[in-house]
Structures are given as C-alpha cells and as structure tokens.
Amino acid sequence: MITVVLADDQKLVRAGFRVLLDTEDGFQVCGEAENGIAAVALAREHRPDVVVMDIRMPVMDGLQATRSITSDPELAGVKVLVLTTFDVDEYVFEALRGGASGFLLKDTDPTELLHAIEVVARGEALLAPTVTRRLIAEFVASPGQRRVDTSVLSELTEREREVLAMVAGGLSNDEIAGELVISPATSRTHVSRIMTKVRARDRAQLVVLAYESGLVAPQPRD
C-alpha cells in the first residue's frame, strides 16, 4: 500500500486526486494540505511514502515545504512529487535541486499520475520526460545558477563519472547496464556508490549535480 499526502491550495484539485487514488487498489490518501506548513506537518505525522506537492501555495509554498521535508533526517523515507501548471518553471528546478524526486504537469493523464507516484515511492526519480532534463539544463545554463563545487566529482572514479552522465541522460539502471555491458546489479551498485559519495538523496539530485558540475553540458532547447 502506497500512502500519499496531497498538498494543493485548491480544494477541488485535492478532491479530484483523492477520488482517483481512493478508487485504485494499492493507494491510500492519509492527509490533505492546503499550504506548505500543513504539508510538512502531515508528512511528520503520517510519514507517507509520497507527498504530491503543488508549488504555488499560500503561507508556505511547495518549494519551502519540499526543502523542509527532504532536509529532515527523520523523513528520509518520504518522497516528494511536484505538480505544476507550467512545463518550464524555475521553481520546479529549485524543487528538484532541493530534493524533490520529480515533477508532473497538473494536466497529466490520471494513469500517468498513478505511475509517477509508484515510481517515486520505489525511490526512483521521475526523469524520463524530455522536458525534465531540458528544464534542468536550461536553468543550470543560466547565469548564476550553478552552486555545486566541481571538486565533488574528484571523489568519483572514471567509471562512476560515466555512469553519472548516463543517469543525467535519463537512462535506467538496466539501460546503463546494457550500454556498459555490465550486469544490472553492478549498474545499481555504481549508482548507489555515487549517491553515497556525493550525498545525493536520489537520482533526481544526481541529474542536477551532473549539470551543475559541468559533467554534462546543457543542450539547446528545441
């Protein structure tokens, strides 16, 4: 059973998500929040698997709430899935930088939302959509955006840098294994070691790191 907290300042939006989740096996909504402060409080009270987080909310926005949740060691098991009405939003990038495991547009198909929650609950990052990587690349390329000391890459082996670049390209562990002709288990081990060395919460932060450190160069938008 995947437990979920819904955080959105629009009651109708929360109600719609609740109906969707309550009618599907394997999901349970354990709380609703109309602002970031309430979202953080519910995360601490219920320790849900996933917080579906709107960005623009009163009192405390979703960005601050995401940072509060992901920086709390006691909430290490709580993942944040950000929802936004815009496919290019600097706040989405900041949420990913702050520890969110991915994002979706609010007009996403219901089945995609369910899949996204499942992916994030497993501890993976929702990075497959091209728009996500494009978003990260765009804001990292902007003046003043980079905040990572490139020396952090010195802790990685050459193979680990190669794997990190592939993670930034959106490849799964199995796809990385295929590219490098190694076993999936070895691929998972490489990714886990990289996360430990650079103190990343999940794959989403690895993607941000790859771009901010300059390991992967941002590509021009289509």
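This short talk walks through the sheet of this protein and the helices around it.

Let me start with where the numbers come from. The model is predicted, so local features need a pLDDT of at least 70, side-chain atom pairs count only at pLDDT 80 or more, and totals for chains, interfaces and linings use all residues. Residues are numbered from 1 along each chain as its sequence is written, and side-chain values use heavy atoms, with hydrogens and water left out.

First, confidence. pLDDT is the predictor's confidence in each residue, from 0 to 100. The protein averages 84. At least 70 is reached by 84% of the residues. Which helix has the lowest mean pLDDT among the elements? That is α6, residues 130-141, with 60. Helix α2, residues 36-46, has the highest, at 97. A word on names: helices (H or I, at least four residues) and strands (E, at least two) are DSSP runs, numbered from the N terminus.

Now the sheet. Strands of a sheet pair through backbone hydrogen bonds, either parallel or antiparallel. Here five strands form an open sheet. Read the order as β2-β1-β3-β4-β5, with parallel pairing. Two strands count as paired if DSSP finds at least two bridges between them. The edge strands, β2 (27-33) and β5 (102-105), each pair on one side only. On average, neighbouring strands are turned by 25° against each other, direction ignored. Look at β1, residues 2-7: six bridges join β1 to β2.

Angles run from 0 to 180 degrees between N-to-C directions, and axes are lines fitted to C-alpha atoms, for helices over the stretch in contact. Contact means heavy atoms within 4.5 Å. Helix α1 (residues 11-22) lies across β1, β2 and β4 (79-84). Its angle to β2 is about 165°. Helix α5 (residues 110-121) lies across β1, β2, β3 (50-54), β4 and β5. To β4, α5 runs at about 150°.

On to helix pairs. Angles under 35 degrees count as roughly parallel, over 145 as roughly antiparallel, 65 to 115 as roughly perpendicular and the rest as oblique. A crossing is left-handed if the near helix is turned anticlockwise from the far one by less than a right angle, and right-handed if clockwise.

Pair one is α2 and α3 (residues 62-70). They pack at about 20°, with axes 8 Å apart. So α2 is roughly parallel to α3. Their crossing is right-handed. From α2, Gly36, Val40, Ala43 and Arg44 meet Ala65, Ser68 and Ile69 in α3. That contact has four nonpolar, two polar and one charged residue. For these classes, Ala, Val, Leu, Ile, Met, Phe, Trp, Tyr, Cys and Pro count as nonpolar, Asp, Glu, Lys and Arg as charged, and the others, Gly among them, as polar.

Pair two is α7 (residues 158-168) and α8 (residues 173-180). The angle is about 130°, and the axes are 10 Å apart. The two are therefore oblique to each other. From α7 come Arg159, Glu162, Val163, Met166 and Val167; from α8, Ile176, Glu179 and Leu180. By class, five are nonpolar, none polar and three charged.

Asn173, Asp174, Ile176 and Ala177 of α8 touch Pro184, Ser187, Arg188 and Val191 of α9.
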